[in-house]
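Open the structure in your viewer and keep the selection tool ready.

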Amino acid sequence: MADWNVATGNALAAQIWAKELILETPDMIMWSKFMGEGPNNFIVTKRELLKEQGDTITFGLARKLTGAGVQDDSALEGNEEVPDTYSDTVVLAQWRNAVRLQGAMSEQRSSYSQRDTAKELLKMWMAEKIDGDITVDMTTSPTRVLYQGTATGTDELTASDLFDLNLINKAKSLSRTLAPKIVPVQRGNRKLHLAVFHPDCEYDMQVESAVWAEAQLQAQSRGDDNPMWTDALGFWRNTILTSFENIPTASTWGAGSNLNGSENIFVGRQAGCFAWGKEPFWVEKEFDFGNKVGYAVGAIYDHTKVVFESEDHAVLALRSIRTNVAEGA
């Protein structure tokens with residue numbers, strides 16, 4: 001009896017891996033859980049250019065009407081309100097990476113599958129590339145910044161200005177009074193914002209903040225699904241709390257330029273726009289009469305933080321000092 005073997009290089013093998021790449025890569029992208037089509041998302045996903053030619057999508061925003069309207073039988077005709085509309089663009093680019101193996105003899109010496117390892121590493125690279133690009137966009141050149149404690153700049157932060165729930169409280173309250181407001185995303189009956197901060201700040205919040213520990217024990221469900229016992233961080237004032245290692249950090253804050261800081265963010269509805277031109281794709285190629293094999297991964301996409309009239313639409317930067325866990329200081 002003969003076994004049916006689908007060898008590397010077989011067209012069917014490439015198709016199977018390409019399908020797995022498309023299905024699995026989104027699960028590896030941190031931001032994917034906060035992305036979706038339609039305006040009621042933290043990051044709005046655009047797919048128009050998957051089916052059409054072009055490299056640019058221009059998207060618009062109409063802000064809420066602010067006029068008083070007319071009363072009773074006062075004339076409405078001639079007193080109509082003109083909506084404030086703005087636009088921004090996202091421009092696609094292609095990103096690729098590849099691994100080529102040395103050859104059949106090199107593979108023979110290995111105690112592991114170089115081919116499977118190369119595929120997994122490229123899949124991870126693609127996910128981290130997308131995550132990194134989104135994070136850079138969302139944290140770079142903020143137009144609205146909130147500082148921990150009473151500081152009004154990074155040079156005024158002190159060693160005691162560690163990230164805690166008071167900063168989330170301030171951001172939540174400020175989100176309703178800013179112009180424009182940072183509007184929450186609607187999920188069922190809940191109106192949610194999102195806070196993304198560095199793991200060092202997660203440590204400060206969980207270890208240093210007695211308020212956080214008490215809130216999770218008393219306000220969350222008891223048992224194994226309580227966020228205290230899982231990787232989930234939970235909610236605070238209808239704000240999703242999550243940590244991410246790509247959040248930028250600093251080591252020169254404070255009056256003495258010697259304190260470790262973190263450039264965290266507070267996010268609302270339509271904070272970013274992500275556009276696909278071509279979803280993650282996979283290429284296998286043989287070299288040297290089949291002795292060598294190479295793998296390539298790529299995608300065509302772009303992301304932009306939504307900015308209208310030179311103002312971040314739904315991102316508020318949160319600056320705080322952090323414990324440098326890596327150095328134990």
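How far does helix H3 reach from its first C-alpha to its last? Select residues 114-139 to find out. This is a predicted model. H3 has 26 residues and spans 37 Å between its end C-alphas, close to the 38 Å expected at 1.5 Å a residue. Ser-141 follows H3, and its phi is positive, near 50 degrees.

Next, go to Gln-148. Look for this residue in the loop that runs between strand E6 (145-147) and helix H4 (165-175). Is Gln-148 buried or exposed? Its relative accessible area is 5%, so Gln-148 counts as buried, the cut-off being under 20%. Show its surroundings. Leaving out residues up to four places away in sequence, Gln-148 touches Leu-157, Asp-161, Leu-162, Phe-163, Asp-164, Leu-167, Lys-170, Arg-319 and Ser-320.

Turn to the surface. Select Tyr-203, Val-207 and Val-325: these residues make up a nonpolar patch there. Together they have about 250 Å² of accessible area. Val-207 sits in helix H5, residues 199-208.

Finally, zoom out and colour by secondary structure. The protein has six helices and 17 strands. It contains 329 residues, and 43% of them count as buried. Switch to the surface view. The accessible surface comes to about 18100 Å², with 49% of that belonging to carbon and sulfur atoms.

How values were computed
Residues are numbered from 1 along each chain as its sequence is written. This is a predicted model: local features need pLDDT of at least 70, side-chain atom pairs count only at pLDDT 80 or more; totals for chains, interfaces and linings use all residues. Side-chain values use heavy atoms; hydrogens and water are left out. Helices (H or I, at least four residues) and strands (E, at least two) are DSSP runs, numbered from the N terminus. Buried means under 20% relative accessible area, exposed over 50%, partly exposed in between (1.4 Å probe, protein chains only). Accessible areas come from the Shrake-Rupley method with a 1.4 Å probe; for residues, only the protein chains shown count as cover. The expected span of a helix is 1.5 Å times one less than its number of residues. Patches are made of residues with over 30% relative accessible area and no salt bridge: like charges are joined within 9 Å, nonpolar side chains (Val, Leu, Ile, Met, Phe, Trp, Tyr) within 5 Å. A salt bridge is a side-chain nitrogen of Lys or Arg within 4 Å of a carboxyl oxygen of Asp or Glu. Contact means heavy atoms within 4.5 Å.
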